[in-house]
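Please look at the sequence and the fold together before reading on.

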Amino acid sequence: MVTTQPMCHICGSEGEPLLPWASGGGEMRHCSTCDFVFAWPVEEIDPVEVYTQAYEGHETRTQMDDYARRISRRDVVAEHESLGLWSPAHHDTLAWIEANVPKGATVMEVGCGLGAFLRALRDRGYNAVGIDVAKPVVEAAQREGFQAWCGTIDTVPEGWAQPAVIVSFFVIHHIQDPVAFLSTIRTRWGVPLIIAYNRAPTKETFDTNNFPPRCWGWWSEKALGRALARAGFARVEISTQAKGLPQIFLPPKLHDFVSSVLWRWPKLRVMVQPFVEKLLSAGFKLLRPIPRLRRSFEGGLLIIATPAETNGRVPALEEVKEVRA
Ligand SMILES: [Zn+2]
């Protein structure tokens, strides 16, 4: 898809220029109707090629060599569940699944990456299946015995999986045509969809990785709600989440130092992480009534979207949190 006119991916309006891409070649535009920031122009890319190259260390645009570093830590992450489940969204999603989906049922993850959530599901008695556009991570998941598909969701063969719920963590901003993506998920599987999204960058806080080909949209609560509604999800619940340990803001050099120490001694991180998570969660709850202060503890959004035609009762997110407490 190559667009000649700027077009909001949700409502089709032109939007207003916000800022140029850090490396040039296009601009981010803001649609005030949807409160959505979208990249323009949308160039045709093959996600399988781009993300396979990224994990192999050959794609350096928008810091995508990150992915090669991530896969080099795969064995460490596989050994310690908490390193892979680094976000409150992972834990709340697991709690929701355990409260609502019978053991043995299939849970499908779109963008399964290093497989941490697949492993957590399998350890809890679910049939976890994964989809990813990067060949190296799909092959690694298959070696661990998971059913995994390499490609975009529209390439998944008919009948390949019958999930009871679909989850997708920190993926939506990578998608070039998000309404089509969400709509495909709904029409093909018609089950609840749980999405997690990191807090969006702003004109003041963006980094060089917040642009194409890695990132095609900066999402707000309103934008996600509108995109899911357009894709035919009848009920959309959105909650804000506390930060996880990797989302703590430190000056870049200090961040690199702390990160290298914690990855060098993963057991240290396994020990430290629960304390940090408790502090972040307490700070977030305490500051919740004060939006300006709350933002510094806010990690992102967790969204549960249900298509109209789903059978059975789907509880509200707040009820799930009560179950966890
Ligand atoms: Zn719009």
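## An open strand

A residue counts as buried if 20 or more other C-beta atoms lie within 10 Å of its own, and as exposed if 12 or fewer do. With that cut-off in hand, and keeping in mind that this is a predicted model, one can turn to strand β1: of its five residues the number buried is zero, so β1 lies largely in the open.

Strand β1 is joined to β2 by four bridges, and the two run antiparallel; within this pairing, Glu16 has His30 in β2 as its bridge partner. The hairpin that β1 and β2 make has six residues between the strands, and there Gly24 takes a positive phi near 85°.

## The sheet of four strands

Strands β1 and β2 belong to an open sheet of four strands, whose order is β1-β2-β3-β9 and whose pairing is antiparallel. Because β1 (16–20) and β9 (217–218) stand at the edges with a single partner strand each, one side of each is left without a neighbour in the sheet. Further in, β2 (residues 27–31) and β3 (residues 36–40) run antiparallel and are joined by five bridges, with Met28 standing opposite Ala39 in β3.

## The sheet of seven strands

Another open sheet has seven strands in the order β6-β5-β4-β7-β8-β11-β10, and its pairing is mixed. Here β6 and β10 (233–242) are the edge strands, each with a single partner strand, so that one side of each has no neighbour in the sheet. On average, and with direction ignored, neighbouring strands of this sheet are turned by 20° against each other.

Within the sheet, strand β4 (residues 106–110) pairs with β5 in the parallel sense over five bridges, and Met108 has Val129 in β5 as its bridge partner. Helix α5 (residues 88–100) lies across several strands, namely β4, β7 (165–169), β8 (193–198), β10 and β11 (298–307), and runs at about 30° to β11.

Which residues of helix α7 are buried? In this helix, which spans residues 135–143, they are Val137, Val138, Ala140 and Ala141. These residues cover an arc of only 160° around the axis, which puts them on the same side of α7. An α-helix has 3.6 residues a turn, so residues three or four places apart point the same way. On the other side of α7, by contrast, Glu139 and Arg143 are exposed.

The buried residues of α7 are covered by elements that include α1 (47–55), α2 (66–72), α3 (74–79), α6 (116–123), β5 (127–132) and β6 (147–150). Val137 also has a place in the largest nonpolar core, which has 84 residues, and is listed with Phe36 and Val107 among those with the most contacts inside it. If residues up to four places away in sequence are not counted, Val137 touches Tyr55, Ile71, Cys112, Gly113, Leu114 and Asp132. After α7 comes Gly145, whose phi is positive, near 95°.

## A glycine in a loop

The loop between α6 and β5 holds Gly125. Is Gly125 buried or exposed? Gly125 is exposed, because it has 11 other C-beta atoms within 10 Å. Leaving out residues up to four places away in sequence, Gly125 touches Lys103 and Gly104. Met271, for its part, is 146 residues from Gly125 in sequence and 26 Å from it in space, C-alpha to C-alpha.

Note on methods:
Residues numbered from 1 in each chain as written. Predicted model: local features only at pLDDT ≥ 70, side-chain atom pairs only at ≥ 80, totals over all residues. Core = buried A, V, L, I, M, F, W, Y, C linked by C-beta atoms within 7 Å. Contact = placed C-beta atoms within 7 Å. Arc of directions from axis to C-beta. Pairing = 2+ DSSP bridges. Axes fitted to C-alpha atoms, helices over the stretch in contact; angles between N-to-C directions.
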